Each structure stands twice: as C-alpha cells, then as structure tokens.
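Please open the structure in your viewer and keep the selection tool at hand. The tour below goes from one selection to the next and says what is found at each stop.

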Amino acid sequence: MTSHFLEVDNLVMRFGGLTAVDGLSFVVDHGAIHGLIGPNGAGKTTTFNMISGFYRPTSGQVRLRGEAISGLPMHEVARRGVVRTFQHSTLFAELTVLENALVGTHMSFRPNIFAAILGVDMEDRRGAKARAEEALEFFGLLDFENEPAGELSHGHQRALGMAVAMAAHPDVFLLDEPFTGMNPEETKHMMTLMEKLRDSGATILLVEHDMHAIMGLCDQITVMSFGKFLAEGGPEEIRNHPDVIEAYLGGARHVA
Ligand SMILES: Nc1ncnc2c1ncn2[C@@H]1O[C@H](COP(=O)(O)OP(=O)(O)O)[C@@H](O)[C@H]1O
Ligand SMILES: [Mg+2]
C-alpha cells in the first residue's frame with residue numbers, strides 16, 4: 001500500500017472552452033505529506049474539487065487503494081476516507097466548537113444494520129461526541145468546546161476546520177491553502193500539527209502558496225502549470241528545478 005495509495009490518472013476538467021486541468025497524473029504515497037503547487041490559476045483547486053467529489057471530471061479517474069472514486073458524490077468520497085477541510089467561512093459561527101466538530105463525525109457516518117433497525121441511539125451519539133472531542137483535543141481546542149466557533153481567534157478557527165475534518169476519521173486530508181491569513185506563530189503551530197497528523201497515519205495532500213511551509217513539510221511535491229503536470233520531486237529538487245523557477249517567474253511570482 002506504500003505506492004499507488006491515491007492515484008490521479010489523466011484528469012481533465014473543462015469549463016466551456018477553458019481546460020482548467022489538462023491530463024494531470026500523479027500518485028500520492030500512503031502516509032505522506034504531498035504538496036500540489038503551481039502559479040495562480042494552475043488548476044490546483046479544480047483538482048481538489050475533482051478528488052473530493054465536488055466536481056465530476058470531464059475525463060480521467062481518481063483511485064483510492066486501486067478503487068475508482070471519481071464521479072462519486074462528495075459524501076461517498078468522504079465515507080471512503082477522503083475529506084477536504086472546511087474553509088473558515090463554512091464553519092458554523094453560531095454553533096459551539098463541539099457542535100462544529102460533531103458535524104464532522106456525521107460526514108463519515110456509516111449506516112449499519114443496528115442504526116437501520118434502532119435509529120441512531122444514545123450509544124452512537126456518545127461515540128460521535130467522543131470522536132469530536134478527540135479531534136478537538138488533538139488540535140488543542142478542547143478548552144474552547146462550549147464557545148461559539150465565531151469567537152475563536154483566526155488561527156484557532158483554521159485549526160477547528162482541520163478538527164472538523166479529522167472528526168470524520170479520514171485516511172486522506174485535502175488541505176487547500178491552510179496557512180492563508182495566519183501569522184508566523186500560527187503557521188509554525190499548524191505545521192507541527194500537520195506533522196503530528198502524518199505521524200498518526202494520515203495522508204495529506206496540501207495546496208499552499210507559503211513556500212516555506214511547503215518546503216518544510218512535504219515529502220513529495222507535484223508542480224502544475226496551466227492545468228498540466230510540470231514537475232515532481234522532493235523539496236530540494238523542486239526548489240532548484242529550472243522549469244519550476246521559470247513557471248513562477250513567468251507568472252511574476254517566485255519560489256522562495
Ligand atoms: N467553476 C469554474 N468555472 C469556470 N472556470 C473556472 C472555474 N473554476 C476554476 N476556473 C478556472 O480554471 C482555472 C484554474 O483555476 P483553479 O483551479 O482555481 O486554480 P488554482 O487553484 O491553481 O489557483 C482558472 O483559469 C480559473 O479561472
Ligand atoms: Mg486555488
């Protein structure tokens with residue numbers, strides 16, 4: 001299961017006349033932090049949307065443990081263990097921190113025979129609460145569990161977004177620019193949490209423009225440009241890759 005854990009195979013996404021993702025292929029190893037980078041508009045978010053089931057690809061396939069998952073609805077993809085983080089804006093600001101985390105536990109709710117016969121009983125709810133609190137504890141949010149999510153600091157709200165995803169017990173986290181708007185202290189803390197997440201057995205696919213974070217965290221990096229695969233390698237290799245430097249310079253940006 002080390003290789004070909006999550007496989008993106010020749011994905012294409014067209015919006016009218018625009019090809020946002022154009023025959024993209026790469027493989028994410030089990031237990032890796034895998035970066036997906038590229039200049040603005042390269043097609044990173046669109047790729048995430050296809051992997052998570054938010055978009056049905058125009059063509060191509062995504063496989064998890066060899067099993068096709070593209071084209072499945074988002075809750076089915078989540079149930080199979082691939083979950084994208086909720087961005088700040090999709091937290092329920094008026095619900096408590098715990099209630100938000102409980103939403104995460106429902107994303108992966110696996111209907112079983114007992115639930116079908118008895119309905120969701122007290123034991124199930126207790127189980128969900130335990131999972132939610134476990135995720136909150138992991139991200140250092142347990143002390144805030146009864147506070148409205150909207151009153152948390154920005155850094156804590158981003159951590160809660162990850163806790164909501166974690167409460168679903170996914171095998172793969174899709175994180176789209178998790179460090180946006182964070183101060184250096186919050187970024188450092190979040191990087192530590194991501195390493196902890198990987199060490200606990202999770203696989204992380206990370207889209208991020210903070211190159212310091214990408215280079216510091218990623219085991220492997222895939223670079224896209226204009227919807228296409230451009231390069232792949234470890235942080236050192238990517239940092240010094242002439243095509244990657246060219247792609248970023250061409251877009252008037254730079255690889256740090
Ligand atoms: N829903 C959409 N409809 C039309 N065009 C889109 C849509 N989503 C993204 N695009 C276009 O697809 C290209 C890739 O966008 P995106 O995946 O958001 O890039 P990135 O996340 O790498 O910045 C861009 O040109 C963008 O304008
Ligand atoms: Mg994007």
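Begin by selecting strand S4, residues 59-64, together with S5, for these two pair in the antiparallel sense over two bridges; here two strands pair if DSSP finds at least two bridges between them, and strands (E, at least two residues) and helices (H or I, at least four) are DSSP runs, numbered from the N terminus. Within this pairing, pick out Arg63, whose bridge partner in S5 is Ala68.

What you have on screen is a predicted model, in which local features need pLDDT of at least 70 and side-chain atom pairs count only at pLDDT 80 or more, while totals for chains, interfaces and linings use all residues. Residues are numbered from 1 along each chain as its sequence is written, and chains are lettered from A and ligands numbered from 1 in the order in which they are written.

Now widen the selection to the open sheet, in which four strands follow the order S2-S1-S4-S5 with antiparallel pairing. Its edge strands, each pairing on one side only, are S2 (18-28) and S5 (67-68).

Next, select S1 and S2, which pair in the antiparallel sense over eight bridges. Phe15 stands opposite Leu18 in S2, and in the hairpin of these strands, with two residues between them, Gly16 takes a positive phi near 55 degrees.

Move on to helix H3, residues 97-107, and helix H6, residues 154-166, which pack with their axes 6 Å apart at an angle of about 40 degrees. Are they parallel or oblique to each other? H3 and H6 are oblique, because angles under 35 degrees count as roughly parallel, over 145 as roughly antiparallel, 65 to 115 as roughly perpendicular and the rest as oblique. To see where they meet, select residues including Val97 and Gly104 in H3, and Leu160 and Met166 in H6.

Finally, show the whole protein, whose secondary structure comes to ten helices and ten strands.

Definitions and conventions: Axes fitted to C-alpha atoms, helices over the stretch in contact; angles between N-to-C directions. Contact = placed C-beta atoms within 7 Å.
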